[in-house]
Amino acid sequence: MSYLSTERQDDIAVITLDQPGEKVNKLNEQLIEEFRALLDTYSGDQNLKGIVLVSGKEDNFIAGADVKMLQKKQAPKEIEELSRTGNELLRRLEQFHKPVAAAIHGSCMGGGLELAMACHYRVASSHPETVMGQPEVNLGLLPGAGGTQRLPRLIGLQKSLTYLLTAKNIYPRQAYNMGLIDELTHKDAIVTAAVKAISTINSGDFRRKDKRSIIERLLEGNPVGRKIIFSKARKRAQSNTRGNYPAPPTIIDCVEEGYTNGLEAGLKKEAKAFGRLAATSESKNLVTLFFGMQNAKKNPHKDRARNIDKMGVLGAGLMGAGIADVSVNNGLRVLLKDQSVEQAARGKQTIWQNLQDKVEKRIISEFERDRTSSLVTPTGRYDGFENADLVIEAVFEDLELKQKMVKQVEEVAHERCIFASNTSSLPIARIAEASSRPEQVVGMHYFSPVQKMPLVEIVQTEQTADWVTATARQVGITQGKHVIVVNDGPGFYTTRILAPYMNEALNLLEEGISIEQLDSAMKQFGFPVGPAALFDEVGIDVAAHITEVLNEMFAARGVTPSNKPKELLDAGFKGRKNRKGFYRYEESDGKKKKNPNEDMYAFFGGTTRKDLETETVQQRMALAMINEATWCLQEQILECPGDGDLGAILGLGFPPFLGGPFRYIDQRGASKVVSKLQQYQETLGPRFEPAEILTRKASKGGTFYE
């Protein structure tokens with residue numbers, strides 16, 4: 001079947017892009033070949049006035065390049081050739097003798113935006129579903145079809161570097177204000193507007209305005225200013241990535257080449273760099289992560305899931321309000337309950353303010369803000385819960401309190417209502433002991449801040465019904481989350497593998513490492529924040545509770561976790577929540593400051609600190625987490641290595657470019673990992689004893705991903 005179909009309107013060819021059998025359009029070789037043939041056809045058409053490109057899909061223009069197509073190509077040579085072919089085609093489009101306009105509604109990402117930028121005019125719908133961007137850096141790549149060259153020429157050097165290096169979304173109003181889009185209109189009028197634009201261009205009345213500020217023009221318009229911009233961009237990229245990702249500096253190089261030696265030179269460098277980056281282990285791991293994330297947004301048992309018309313959330317604090325926020329923003333109706341309606345109303349106000357922030361950024365309208373906000377009802381009572389199909393508790397981590405919540409909900413809810421706990425460590429089976437319907441109790445572990453963290457960990461017990469797990473999974477997907485399903489146990493998967501990592505940080509502090517060196521070493525390894533800062537963010541009180549919950553399980557393996565979290569809590573240290581943790585949290589001249597808290601050293605042998613070898617610090621910390629992940633697979637907490645890698649990366653910030661704990665083992669070699677663990681076991685004790693499943697892989701030369 002054809003990707004492209006053509007309709008003639010007053011000698012203007014309206015070309016509809018509609019990839020057969022797919023929900024979204026993707027830039028692939030079929031589109032490239034059909035597009036080349038189309039240009040051949042129209043290049044000799046003397047009656048043609050212009051071309052309009054529009055999508056036949058409901059909510060996307062082109063969602064990006066087909067990543068599976070890239071995987072089938074041999075890197076770097078075949079990938080480079082693919083980029084060169086795409087660039088030649090888009091140059092031909094750019095130089096076409098008649099105007100070409102893109103009519104954009106929905107997602108226009110990656111290769112889709114590159115195609116649109118090669119057109120002579122771009123009209124986009126003002127609908128919230130319309131979003132643009134160059135997300136290739138998230139795959140360890142760069143835009144391979146002219147994105148590093150055309151984006152700077154349209155919106156300016158400084159703005160383009162921001163979007164190329166961060167993969168941030170560009171929404172319609174932003175795109176128009178920057179000059180990326182020439183016109184905004186209603187989604188049903190984009191083709192009409194594009195057809196009209198063809199006539200305007202042909203009449204010679206269209207002139208694109210430079211929407212950069214005067215300062216931007218002055219700075220970007222001379223070699224000295226550009227040199228400063230590129231220098232700052234490189235320093236910022238190095239600071240953000242710690243040199244672990246090769247794509248950002250390569251993107252900067254390609255943009256600079258285009259400014260220095262012209263478009264053709266820039267495109268040539270871009271194609272070569274695209275192939276080279278595709279061959280790196282970093283990109284391969286990020287591409288694998290991409291597919292894992294796609295799979296985590298699919299429900300293999302969707303047919304078993306029950307429809308959720310209304311849900312309840314217990315607790316309107318940070319977590320509860322966050323869960324309600326992602327729910328109503330995706331069309332779910334929520335009863336938000338706290339001890340009083342006033343407390344619940346404060347939770348709703350947080351949701352409203354988040355929506356208002358989107359209004360101010362012109363992402364949504366005031367009407368959409370009010371419509372979404374109306375989906376959440378604050379309450380201090382259980383009135384209305386008789387109609388709730390799912391209730392998620394997000395109250396304090398106390399077993400008796402959570403069991404009390406179960407009983408209260410079951411007194412008022414209908415018999416098919418699911419009770420889900422947002423606990424981060426308490427076994428779901430213990431919570432379900434208070435239920436008269438334990439098969440309808442499940443864990444839904446969200447991560448803070450809920451609105452930003454992409455993972456939900458569904459926790460099923462031996463009693464949890466299949467339809468309950470399937471329904472909880474579907475709710476998570478509806479909320480826009482990536483979902484993994486794990487089996488019940490203390491700490492489940494993510495909290496359990498985080499515990500040894502954090503415990504090792506405490507051991508290193510007792511051995512004399514400074515807070516600065518500890519956090520710097522793990523950020524250099526690739527974690528987004530250091531473990532000391534993470535203690536403060538999570539809360540030292542929470543860490544003490546988790547240590548208590550997991551103690552019995554680790555003791556069975558002969559491991560005694562550090563008791564420091566409880567000692568610190570007893571001394572009044574809670575972390576950021578009371579501004580008293582491993583860091584001091586102060587404000588000066590309106591600016592927030594965070595400095596290491598040397599008072600902490602009194603609990604770790606005194607203020608005299610010593611440097612420890614960075615690689616040793618990194619290996620001890622990382623292997624503590626990686627080894628525990630293999631224990632979880634061995635004990636069937638995890639159902640597959642892929643869920644383990646996804647959970648570690650999306651939930652805990654394990655370095656994405658390393659692929660996750662199991663890909664790390666496969667790429668480094670199980671025998672090398674086991675050897676290092678055994679070395680630490682001999683010198684540091686049983687906490688580094690490798691899991692049997694790992695030693696078997698090492699002895700047989702096997703891998704977790706066969």
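**Entry 1. Ground rules.** I worked on a predicted model, in which local features need pLDDT of at least 70 and side-chain atom pairs count only at pLDDT 80 or more, while totals for chains, interfaces and linings use all residues. I number residues from 1 along each chain as its sequence is written, and side-chain values use heavy atoms, with hydrogens and water left out.

Entry 2. I took helices (H or I, at least four residues) and strands (E, at least two) as DSSP runs, numbered from the N terminus. I count two strands as paired if DSSP finds at least two bridges between them. Strand S1 (residues 4–9) and strand S2 (residues 12–17) are joined in the antiparallel sense by six bridges. Within that pairing, I found Thr6 opposite Ile15 of S2. Two residues lie between the strands of this hairpin, and Asp10 has a positive phi near 50 degrees.

**Entry 3. The open sheet.** I then traced an open sheet of eight strands, with mixed pairing and the order S12-S11-S10-S13-S14-S15-S16-S17. Its edges are strand S12 (376–379) and strand S17 (482–487), each of which pairs on one side only. From one strand to the next the twist averages 25 degrees. Axes here are lines fitted to C-alpha atoms, for helices over the stretch in contact, and angles run from 0 to 180 degrees between N-to-C directions.

Val459 has Val486 in S17 as its bridge partner.

**Entry 4. Helices on the sheet.** For packing I used contact, meaning heavy atoms within 4.5 Å. Helix H17 (residues 399–412) lies across strand S10 (310–314), strand S13 (390–393) and strand S14 (418–421), and runs at about 165 degrees to S14. Helix H26 (residues 641–652) also packs on the sheet, where it touches S16 and S17 and makes about 120 degrees with the direction of S17.

**Entry 5. Helix H5.** Is helix H5 buried or exposed? I used buried for under 20% relative accessible area, exposed for over 50% and partly exposed in between (1.4 Å probe, protein chains only). Eight of the nine residues of H5 (residues 147–155) are buried, so the helix is largely enclosed by the rest of the structure. Among them are Gln149, Arg150, Leu151 and Ile155.

**Entry 6. Nonpolar cores.** A nonpolar core is a set of buried Ala, Val, Leu, Ile, Met, Phe, Trp, Tyr and Cys residues joined through side-chain atoms within 4.5 Å. The largest has 95 residues, and Tyr493, Phe582 and Phe654 have the most contacts inside it. Helix H25 (residues 614–634) gives this core its largest share, eleven residues. I also noted a second, separate core of 72 residues, which includes Leu93, Ile181, Ile229 and Ala237.

**Entry 7. Cavity and pocket.** On a 1 Å grid over the protein atoms alone, a cavity is a set of points where a 1.4 Å probe fits but cannot get out; a pocket is an open set with protein on both sides within 12 Å along at least five of seven lines, and lining residues have an atom within 4 Å of a point. Grid points are joined across faces, edges and corners, and a volume is the space filled by probe spheres set on the points.

I found one cavity of 30 Å³ or more. The largest cavity holds about 40 Å³ of space. Its lining includes Val409, Glu410, Ile418, Phe419 and Arg437. H17 and S14 are the elements that give two or more residues to this lining.

The second largest pocket holds about 290 Å³. Of its 19 lining residues, Gly292, Asn295, Gly642, Asp643 and Leu646 lie nearest its centre. Helix H13 (281–295) and H26 each give two or more residues to that lining.

**Entry 8. Backbone exceptions.** Most residues other than glycine have a negative phi, and most peptide bonds are trans. The bond joining Ala75 and Pro76 is cis, with omega about 5 degrees; Pro76 lies in the loop between helix H2 (67–72) and helix H3 (77–94). A cis bond also runs from Ser448 to Pro449, with omega near -5 degrees, and Pro449 is in the loop between strand S15 (441–446) and S16.

Ala167 has a positive phi near 65 degrees and is buried at 11% relative accessible area. Phe492 has a positive phi of about 55 degrees, sits in the loop between S17 and helix H20 (494–510), and is buried at 0% relative accessibility.
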